[in-house]
Amino acid sequence: MKEKGTQIRLTAGEIAQLWVQYLNDSGSKCVLAYFLEKAEDEEIKPIIEYALGLSTSHIEIIAAILTEEKHVVPYGFKMEEDVDLTAPRLYSDGFVLNYINQMSKVGLTLYGAAVATSVRNDIKTYYMDCLTKTMELYKRSTDLLLSKGLFIRSPSLPNLEKIEFVKKQGFMFDVLGEKRPLIAAEVANLFANLQRNALGVAVLTGFSQVAQDKDVKKFFLKGLEIGNKHITLFRGKLEESKLPVPMGWNSEITNSTAKTFSDKLMMFMTSGLISMSVGYYGTAVSQSPRADLASMYNRLSLEVQLYSEDGANILIKNGWMEQPPMVADRDELIRKQK
């Protein structure tokens with residue numbers, strides 16, 4: 001792109017966002033195409049089609065930008081390699097709708113960050129458009145979940161009747177083992193993280209059924225163990241405060257064991273879920289003044305990061321981890337001249 005006659009190069013932040021988004025959307029295209037192929041609910045089909053259209057257009061736009069800037073286009077994921085559209089149904093339409101709704105929330109966060117890190121006008125405009133269309137996807141999927149009675153609302157709190165100020169350190173630190181009631185932000189984070197883990201457990205349950213490689217299957221089973229453990233902890237914190245907890249999604253998974261997605265694609269998607277968990281747990285720490293909650297999130301985040309390392313080792317071992325753009329190794333270039 002040229003601005004006022006000067007060639008403006010992409011910044012590291014812009015390249016990073018475009019590169020990661022290409023991988024994400026090429027993977028999403030495979031998954032959404034499969035969901036659409038298996039969809040039976042005539043109200044849910046248009047939502048899947050809209051999401052699939054977004055991923056397809058993003059891939060084309062990013063490929064064009066990178067090609068124009070003389071950057072290699074990531075290999076990503078291919079329909080002919082990473083999904084079998086003829087495989088039996090693995091997830092229910094209701095689960096797919098909830099999955100799209102949750103992923104649209106993630107998209108809003110990522111595209112907001114991309115707008116903030118973009119400098120070039122065309123890249124900023126592109127991500128603002130992504131943000132607008134993802135807001136529409138979130139609205140459509142939320143409205144349909146509500147109309148079908150599938151939307152799970154977070155707990156309500158009593159009306160705040162007067163302004164109060166914290167008077168004791170016990171607000172943040174336990175006093176003789178006694179804990180103050182949860183504040184609204186703590187409830188919201190516990191509930192949202194419980195929901196996200198329930199979604200992740202359902203995804204990994206399906207993946208573990210159709211995985212081909214024994215190490216990959218073992219990795220998914222370990223993820224199920226971790227996810228269920230985290231759900232139990234979050235549920236316990238909510239139940240201590242006599243708050244309702246949402247149900248899981250395991251009943252929305254079929255008994256299919258036929259190869260559906262490539263192990264490479266499922267590993268990539270799982271790595272994405274892991275990264276999101278670390279980010280959301282970090283947010284929860286910053287918004288949870290109660291010491292026991294902050295300690296819990298820090299402990300769980302470390303566990304997830306160690307799990308992530310296991311996944312990275314599998315990706316590298318199988319040649320599935322595509323190397324991201326990186327700074328030139330000047331020392332290596334100098335050595336080559338000798």
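## Terms and basis of the model

A residue is called buried when its relative accessible area is under 20%, exposed when that area is over 50%, and partly exposed in between, with a 1.4 Å probe and protein chains only. By this rule S275, with 51% relative accessibility, counts as exposed.

The model is predicted, so local features need pLDDT of at least 70 and side-chain atom pairs count only at pLDDT 80 or more, while totals for chains, interfaces and linings use all residues. Residues are numbered from 1 along each chain as its sequence is written, and side-chain values use heavy atoms, with hydrogens and water left out.

## Overall fold

The protein chain has 10 helices and two strands, where helices (H or I, at least four residues) and strands (E, at least two) are DSSP runs numbered from the N terminus. Along the sequence their order is β-β-α-α-α-α-α-α-α-α-α-α.

The C-alpha trace spans about 65 × 45 × 40 Å along its principal axes, and 42% of the 338 residues are buried. Of the contacts (heavy atoms within 4.5 Å) between residues at least 6 apart in sequence, 84% join residues at least 24 apart.

## Aromatic rings

A search of the whole structure finds 17 aromatic pairs, counting rings of Phe, Tyr and Trp (its six-membered ring) whose centres lie within 6.5 Å, with planes under 30 degrees apart called stacked, over 60 edge-to-face and the rest tilted. The pair of Y34 and F35 is tilted, because the ring centres are 6.2 Å apart and the planes stand at 50 degrees; both Y34 and F35 are buried.

F35 also pairs with Y99, with centres 5.8 Å apart and planes at 80 degrees, so this pair is edge-to-face. Since F35 lies in helix α1 (residues 12-38) and Y99 in helix α4 (residues 93-117), the pair ties together parts that are 64 residues apart in sequence, and Y99, like F35, is buried. Ring pairs link these residues into a cluster whose members include Y34, F35, Y99, W249 and Y307.

## An exposed serine

The exposed residue S275 is found in helix α8 (residues 263-286). S275 and S301 are 26 residues apart in sequence, and their C-alpha atoms lie 9.9 Å apart in space.
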